[in-house]
Amino acid sequence: MNDFKSQVREGIPAYLPEPKPWDPSVNHAPRRRDLLTTEEKKLALRNALRYFPVSLHGVLAPEFAAELRERGRIYMYRYRPDYEMKARPVDDYPHRSQQAAAIMLMITNNLDPAVAQHPHELITYGGNGAVFQNWAQYRLTMKYLSEMTDEQTLVVYSGHPLGLFPSHREAPRVVVTNGMVIPNYSSQDDWERFNALGVSQYGQMTAGSYMYIGPQGIVHGTTITLLNAARRAEPVAPGERKSRLFISSGLGGMSGAQPKAGNIAGVVSVTAEVNPKAIKTRHSQGWVDEVHEDLAELVSRVRKTCIEGEVVSLAYHGNIVDLWERFADEGLWADLGSDQTSLHNPWSGGYYPAGISFEEANIMMADEPDRFREMVKASLRRQVDAINRHTAHGTYFFDYGNAFLLESSRAGADIGNGRGGFRYPSYVEDIMGPLCFDYGFGPFRWVCCSGNPEDLEKSDAIAAATLERLMKESPEDIRQQMSDNIHWIHEAGRNRLVVGSQARILYADAAGRMKIAGAFNEAIAAGHISGPIVIGRDHHDVSGTDSPFRETSNIYDGSRFTADMAVHNVIGDAFRGATWVSVHNGGGVGWGEVINGGFGMVLDGSSEADRRIRSMLLWDVNNGIARRSWARNSGAIAAITREMERTPGLVVTMPEEADENLINEIFRQ
């Protein structure tokens with residue numbers, strides 16, 4: 001069983017694999033909190049052992065119990081495969097269904113050490129965004145995918161492959177759920193407990209849905225955000241500095257996109273990160289230009305670069321609180337500011353407090369969780385105080401969807417606006433919502449399953465040509481978005497964005513996505529592109545996510561705390577042609593704070609694929625535009641009106657505007 005295909009087909013081996021030595025060079029997940037009672041620990045062990053023959057339990061039981069005690073979870077490290085974990089050309093995977101092979105490609109890319117944040121713990125990004133809970137689930141899922149036909153559907157419950165069920169060719173090959181718990185049991189402690197028991201997981205967004213494409217997956221959105229933030233904000237030192245200064249934190253799975261986006265947007269970016277392995281990864285991949293550890297030296301470097309008009313990305317190996325405070329003390333005010341620590345996961349490695357080392361924090365969060373929690377809260381209060389000093393001098397600060405404002409408010413920081421809200425906007429409120437989501441623009445993405453860089457280059461050219469044709473007929477209200485996106489795709493190859501699979505992200509609206517996907521399918525049919533293409537998107541999109549402090553934060557009719565849109569989106573995608581679908585509790589801003597979903601679709605050059613493109617993508621985007629239109633968002637009203645004019649059979653309920661004077665008069669009476 002030494003070759004890759006045989007090992008995949010094998011699934012969970014009947015024999016006992018050799019134990020895997022601990023690799024200190026790998027970025028491991030921190031030890032999780034011990035929340036289980038003794039009886040619950042017994043249950044967690046029973047749950048883990050049910051994947052294996054009883055004859056092996058005598059060896060595995062004490063080993064898994066040790067993992068639970070020492071790591072806080074049972075990852076089953078012994079069962080980590082011996083083969084190299086990476087995205088391979090689609091035909092390298094053993095399969096009876098090409099669609100299933102494409103899904104295997106996407107799974108192995110999510111766990112590639114060059115891509116994943118904590119690869120040995122099966123965590124792709126965000127500190128806890130898991131593909132599977134343990135290696136038995138991975139092995140069994142890959143085995144099922146290698147065996148299934150296009151007349152079956154694999155059902156996956158929070159990483160656990162429930163089994164293969166008879167279906168039909170038009171049904172999804174895989175249906176995934178992550179973290180779908182009863183609402184009253186959706187607190188942070190509930191997640192820790194259920195995950196330790198092995199019965200649920202936090203799939204983030206594209207981790208548990210197999211659609212992550214490395215930091216490129218967020219860099220386009222971050223670039224759009226920075227470009228438009230700079231357009232709306234006045235420079236803090238217009239006569240002194242030629243370059244804008246952007247300060248943020250995080251160089252992990254998603255946040256690692258910030259330096260690259262800063263370079264593309266033409267600013268000087270300074271990004272703080274406490275984890276040396278994360279810094280090393282991003283620096284070696286060319287995603288950050290320089291690494292600094294001395295704040296005095298960093299201050300001098302930033303002053304010089306801003307004055308001279310240089311564009312450069314600088315990593316600060318240290319705590320973001322110290323960075324904000326030192327720059328304020330020096331009078332070095334940021335033009336733009338944000339934060340991308342994983343504050344959806346504040347008590348388990350998502351945020352590291354100032355005043356203690358990275359190593360000390362990892363020990364404290366497991367051994368002294370109450371003390372750690374108080375240090376995090378104190379650190380957030382300090383960070384907000386320092387940010388407030390900057391904004392008093394003109395800094396435009398925005399929450400980048402990581403629950404920074406929410407958790408800072410819960411920590412007692414001076415973050416409120418006196419009217420029940422926050423003093424700073426979410427980037428969706430100010431930028432992404434009104435400029436992109438309301439018009440249907442979102443993070444469309446694709447992966448060339450051949451693994452051939454030439455196919456990606458050809459797909460870039462096809463996408464660029466398609467958008468340029470659409471641009472000629474675009475109305476004025478979306479021309480800036482179209483222009484930004486065309487510039488992005490023309491520069492994508494030169495910006496060296498690929499980490500892992502041959503993938504690309506491109507913000508596009510419904511018409512753009514449908515036309516680009518259709519052109520891809522034609523190119524595959526003609527042999528111009530040598531293999532299938534998987535299309536998908538981030539859940540962070542027009543319709544895919546109900547998240548009141550992020551994706552739906554610019555919906556003001558009171559419905560931003562409802563989740564009908566995201567649930568409907570997954571259901572609609574499933575029966576309109578998606579190859580796989582997923583729906584998650586949690587993602588971005590945290591467990592219990594959001595419902596989100598996504599899809600993947602395999603394009604193989606067939607007429608069936610062409611029909612699925614037209615049916616599914618129309619719904620996947622316009623569901624969200626229709627909801628935003630009903631919330632009276634003017635951009636969405638314009639976008640859905642245009643869509644109804646060009647799409648026979650589309651009829652959307654439109655809102656009537658109430659007279660504010662009439663309403664106010666009634667309540668005066």
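My entries on rings and charges follow.

Ground rules first: this is a predicted model, where local features need pLDDT of at least 70, side-chain atom pairs count only at pLDDT 80 or more, and totals for chains, interfaces and linings use all residues. Residues are numbered from 1 along each chain as its sequence is written, and side-chain values use heavy atoms, with hydrogens and water left out.

Entry 1. I paired rings of Phe, Tyr and Trp (its six-membered ring) if their centres lie within 6.5 Å; planes under 30 degrees apart are stacked, over 60 edge-to-face, the rest tilted. That gave me 25 aromatic pairs.

Entry 2. Helices (H or I, at least four residues) and strands (E, at least two) are DSSP runs, numbered from the N terminus.

Entry 3. Buried means under 20% relative accessible area (1.4 Å probe, protein chains only). Y125 has 3% relative accessibility, so I logged it as buried. Y212, at 1%, is buried too.

Entry 4. Next I checked W324 and F397, an edge-to-face pair at 6.2 Å centre to centre and 65 degrees between the planes. W324 lies in helix α11 (320-329) and F397 in strand β11 (396-397), so this pair ties together parts 73 residues apart in sequence. Both W324 and F397 are buried.

Entry 5. I also found a cluster: ring pairs link F246, Y396, F398, Y400 and Y427.

Entry 6. For charges over rings, I needed NZ of Lys or CZ of Arg within 6 Å of the ring centre and within 35 degrees of the ring normal. The charged end of R73 sits over the ring of W191, 5.3 Å from its centre. For R560, the charged end sits over the ring of F549, 5.6 Å from its centre.

Notes:
Buried < 20%, exposed > 50% of the residue type's maximum accessible area, 1.4 Å probe, protein only.
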